[in-house]
Amino acid sequence: REPRKGEGSPDYWVRRAVGDGLSPRAGRMSLAAYCVICCRRIGTSTSPLKSGTRWRDIRNIIKFTGSLILGGSLFLTYEVLALKKAVTLDTQVVEREKMKSYIYVHTVSLDKGENHGIAWQARKELHKAVRKVLATSAKILRNPFADPFSTVDIEDHECAVWLLLRKSKSDDKTTRLEAVQEMSETHHWHDYQYRLIAQACDPKTLIGLARSKESDLRFFLLPPPLPSLKEDSSTEEELRQLLASLPQTELDECIQYFTSLALSESSQSLAAQKGGLWCFGGNGLPYAESFGEVPSATVEMFCLEAIVKHSEISTHCDKIEANGGLQLLQRLYRLHKDCPKVQRNIMRIIGNMALNEHLHSSIVRSGWVSIMAEAMKSDRIMEASHAARILANLDRETVQEKYQDGVYVLHPQYRTSQPIKADVLFIHGLMGAAFKTWRQQDSEQAVIEKPMEDEDRYTTCWPKTWLAKDCPALRIISVEYDTTLSDWRARCPMERKSIAFRSNELLRKLRAAGVGDRPVVWISHSMGGLLVKKMLLEASKKPEMSAVINNTRGIIFYSVPHHGSHLAEYSVNIRYLLFPSLEVKELSKDSPALKTLQDDFLEFAKDKNFQVLNFVETLPTYIGSMIKLHVVPVESADLGIGDLIPVDVNHLNICKPKKKDAFLYQRTLQFIRETLAKDLEN
């Protein structure tokens, strides 16, 4: 039927429902029913297509809007939680870094307003995205971040630094070594990034960087502040107190002598009793060996000599560390930066202490690694070699050998990827030294060229510069021991060491340094050749030393007095003539010990088929200003096996080539290459 007037409106049905006695609520329900009916009519009606499309669009918009609102709410919730996690620091990591006593940084402002501005917050959001990319790539590579990196928000340009730090603390040794190498080869970082590594790296990494040739010195923090001296005290007095605190047990006569002498003297008594002169040998004539030096400095030298001997005993090293010796020695090292002798003895002590692995952490904390890293880069070969010994004894990652006092590696002094296939050992002679014996022959032209610092034209140690460059696969070791011409000049009057005693001592030290594990060539000058012969004979009698014999390939003798020397029959002045040292006495032609050594070694060497090369001087040597002496004549330098080559030089210069292309060096190089040819090829 046709609807009544107003019947189609919603108000009509509400009024009708109320008029029929129904409540307003019932009227609204009727309205709802009316809406349902209308919807059904619309759905079944044949209204135009445009009206139905409009309703479908409305429904789609409602669905999309609802989904968008719901998804956005979930996304915002996730981002809030992620941001909270990102800005949360791992307090344990922070506390561990604070507890590292060797970290000393400048104070910074704690005002958060200075750093946490709008730009800072914006950068953090960007860095968070970068971190997510890194985390995703790490998962793909099955190498997820460690826990500290998942909770610390780091700058994007610092990611490489922190990843290298994490890599350097890996459980895998190869990974750690790669990380240290990457750090040492990095030269484009900012200053604060080097400081970051210096503060956060562990001792192994720090030592590895110190032993890496290309490392930047900014990797190393300054040593911690030294404790103040006691009131009314001095470094000399504290040094003597340190010496007095060391045990007096397990000491030989020489250590007891040095200790008692250093403790009994004072700077005041030295000035009064010696009148400015110091008898460095103790008893005997007061030579002016220290003329012009401050007496207190000489007393410090005596104390250091005694502490060097004490540091050869492990339990005494513990006492030195417990009584503040590391800090006191560092103070002396700084005070005497222009005195190589003082610094040399201090580094000898630290090197001996580094032989004890339980003291490594104390040595690192006291700042000695930073000092030695700088010393390694010194142009002075002696300083660099002492520093190399200390760091090698500290480096248990790549070095298995231990280098005792007097054993110095000339090459390689840094970590290297070059495989070492053989050892060449240099043993100096009477009154020689590990470095000065093997310098280039001095001349006026050489002195002029020294400032040019061209090692090919002049070198203070040709095995380290020339030989290391020509044969990089060699480990080159130089040995040092004390010798004297006269007991009057002996540092310790009780120390009368024979060739047999010294050979056993050196053999023990060289075996600890790994000599015998590779093919070996021995190179010796003067009395050093007698020591080499005695060491090989002693090693042949000890099963534990058999590797030394089995791996010895050849020997070079520079003017070695196999049959004695005229040196024992002459002297510079009356004191040498009256009291020649035991070493000089053993060099005399009528020495029974020398004849027995020659006969025994000749028989031994022929059975082993060693390669031997002998050089001998043909010119006399000036001793003093008046006496000329042919120290080792040709007949005495003839071992009886191997080639004998006379050279027109004196006894001192027989082991000092004039230049790199001189016959003396080139023949030596040829012998080494030919003798080790098979080993170097393999």
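1. D405 is buried, and R348 is buried as well, where buried stands for a relative accessible area under 20%, exposed for over 50%, and partly exposed for anything in between, with a 1.4 Å probe and protein chains only. D405 also forms a salt bridge with R348, and the closest N and O atoms of this pair are 2.7 Å apart; a salt bridge here is a side-chain nitrogen of Lys or Arg within 4 Å of a carboxyl oxygen of Asp or Glu. Because D405 lies in the loop between α21 and β1 while R348 lies in helix α18 (residues 340-353), the pair ties together parts that are 57 residues apart in sequence.

2. A word on the basis of these values: this is a predicted model, in which local features need pLDDT of at least 70 and side-chain atom pairs count only at pLDDT 80 or more, whereas totals for chains, interfaces and linings use all residues. Residues are numbered from 1 along each chain as its sequence is written, and side-chain values use heavy atoms, with hydrogens and water left out.

3. For the chain as a whole, there are 32 helices and nine strands, which are DSSP runs numbered from the N terminus (helices H or I with at least four residues, strands E with at least two). The protein chain has 682 residues, of which 47% count as buried. Its accessible surface comes to about 35,400 Å², with 56% belonging to carbon and sulfur atoms, as given by the Shrake-Rupley method with a 1.4 Å probe, where for residues only the protein chains shown count as cover.

4. If one takes the contacts (heavy atoms within 4.5 Å) between residues at least 6 apart in sequence, 76% of them join residues at least 24 apart. A210 and L391 are 181 residues apart in sequence, yet their C-alpha atoms are 7.5 Å apart in space. A210 counts as buried because its relative accessibility is 3%.

5. The structure holds 23 salt bridges. Another of them joins E397 and R176, whose closest N and O atoms are 3.0 Å apart. This pair links distant parts of the chain, since E397 sits in the loop between α21 (381-394) and β1 (407-411), R176 sits in helix α9 (residues 173-184), and 221 residues separate them. E397 counts as buried because its relative accessibility is 9%, and R176 counts as buried at 14%.

6. E401 forms a salt bridge with R518, with the closest N and O atoms 3.9 Å apart. E401 lies in the loop between α21 and β1, and R518 in the loop between α24 (499-512) and β4 (520-525), so this pair ties together parts that are 117 residues apart in sequence. The relative accessible area of E401 is 15%, so E401 is buried, and R518 is buried with 19%. Both residues belong to a network of salt bridges that links E401, D423, R475 and R518.

7. Lastly, the surface: W55, I58 and I62 form a nonpolar patch there, and together they have about 300 Å² of accessible area. Patches are made of residues with over 30% relative accessible area and no salt bridge, like charges being joined within 9 Å and nonpolar side chains (Val, Leu, Ile, Met, Phe, Trp, Tyr) within 5 Å. I58 lies in helix α3 (residues 49-86) and is partly exposed, because its relative accessible area is 36%.
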